[in-house]
Amino acid sequence: FSARRGVERALLLQEWAKGGRRCCCMQRQCSGGWRCSFSCEIVEALDASAAMALLRCHLLIGQPASGKTTLAQVLAPLLTGPGEPPALVLSTDVIRAEVFGDAAVQGPWVDIQQRLHQRIQEAVAAGIPVIVDATHARRPWRLAITQALPLQAPVEWIGWWLYTDLPTSLEWNSRRQRAVPVPVIQEMAAALADPHFGPCRA
């Protein structure tokens, strides 16, 4: 967008926030069926979304031993107020242990994904914020949740990329009770560092 168009859009949002219905072209009031370069449907969509508060859910991103689980434990109590249901932390390691009896067993991803997606959908339907604790190292893994997963209510997904350097992750991994194989950590770190498909782009 040009600088002028950006200013026009900002003015449009200000007008909408005040309850106005100025047309998208910023020149006159909309007559209903009239359309311009910035379709008045944008304003209608904003009006509709205003009536429905977005539930914020969180996607943790990082190679193994980058601090995701620690962040999830710190973040969860901060996401809801007094009297509200606590945020739900969904860890793929925990689900893997449930399905295969051991978090170290990789097993078919589809079995993990099915249970993970079901729990996200149930939490969103109940209005409970979700924190997904997984590597999400590859772009399709992130988009499978943030864009492809059907949900019963609109959700604003917030990604937390733990940009932990590889040597630090390897050191932290060596202290873990259940250490992740080093090649796996290296592979995930390389995927996250991809300039085209890393979290900085998606």
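Trainee: Does Arg-175 count as buried or exposed, and at what relative accessibility?
Mentor: The model is predicted, and the accessibility is computed from it. Exposed means over 50% relative accessible area. Arg-175 therefore counts as exposed, at a relative accessibility of 60%.

Trainee: Which residue meets the side chain of Arg-175 in a salt bridge?
Mentor: The N to O distance of this salt bridge is 2.5 Å.

Trainee: Which element gives the most residues to the largest nonpolar core?
Mentor: This core has 16 residues, and among those that touch the most other members are Cys-57, Leu-116 and Trp-157. The elements that give two or more residues are S1, H5, S3 and S4. With 5 residues, the element that gives the most is H5.

Trainee: Leaving aside neighbours within four places in sequence, which residues are in contact with Cys-57?
Mentor: Cys-57 belongs to the largest nonpolar core. Helix H5 also gives residues to that core. Beyond its near neighbours in sequence, Cys-57 is in contact with Val-124, Pro-129, Val-130, Val-155, Glu-156, Trp-157 and Ile-158.

Trainee: What arc do the buried residues of helix H8 cover around the axis?
Mentor: The buried residues of H8 are Ile-185, Met-188, Ala-189, Ala-191 and Leu-192. They lie on the same side of H8, because their arc around the axis is only 160°. What covers them includes strand S1, helix H6, strand S4 and helix H7.

Trainee: At what angle are the ring planes of Trp-161 and Tyr-163?
Mentor: The structure holds 1 aromatic pair. The centres of these two rings are 5.2 Å apart, and the pair is edge-to-face. Trp-161 is partly exposed at 31% relative accessibility, whereas Tyr-163 is exposed at 69%. The planes are at 80°.

Trainee: Where is Val-105, and which residues does it contact beyond four places in sequence?
Mentor: Val-105 sits in the loop between helix H4 and helix H5. At 36% relative accessibility, it counts as partly exposed. Its contacts beyond four places in sequence are Arg-96 and Phe-100.

Trainee: Which element has the lowest mean pLDDT?
Mentor: The protein averages a pLDDT of 80, and 73% of the residues score at least 70. The value is below 50 over residues 12-43. Where pLDDT is low, the predicted coordinates should not be read in detail. Strand S3 has the highest mean, 98, and the lowest, 47, belongs to helix H2.

Notes: Residues are numbered from 1 along each chain as its sequence is written. Side-chain values use heavy atoms; hydrogens and water are left out. Rings of Phe, Tyr and Trp (its six-membered ring) pair if their centres lie within 6.5 Å; planes under 30 degrees apart count as stacked, over 60 as edge-to-face and the rest as tilted. Buried means under 20% relative accessible area, exposed over 50%, partly exposed in between (1.4 Å probe, protein chains only). pLDDT is the predictor's confidence in each residue, from 0 to 100. Contact means heavy atoms within 4.5 Å. The arc is that of the directions from the helix axis to the C-beta atoms. A nonpolar core is a set of buried Ala, Val, Leu, Ile, Met, Phe, Trp, Tyr and Cys residues joined through side-chain atoms within 4.5 Å. A salt bridge is a side-chain nitrogen of Lys or Arg within 4 Å of a carboxyl oxygen of Asp or Glu.
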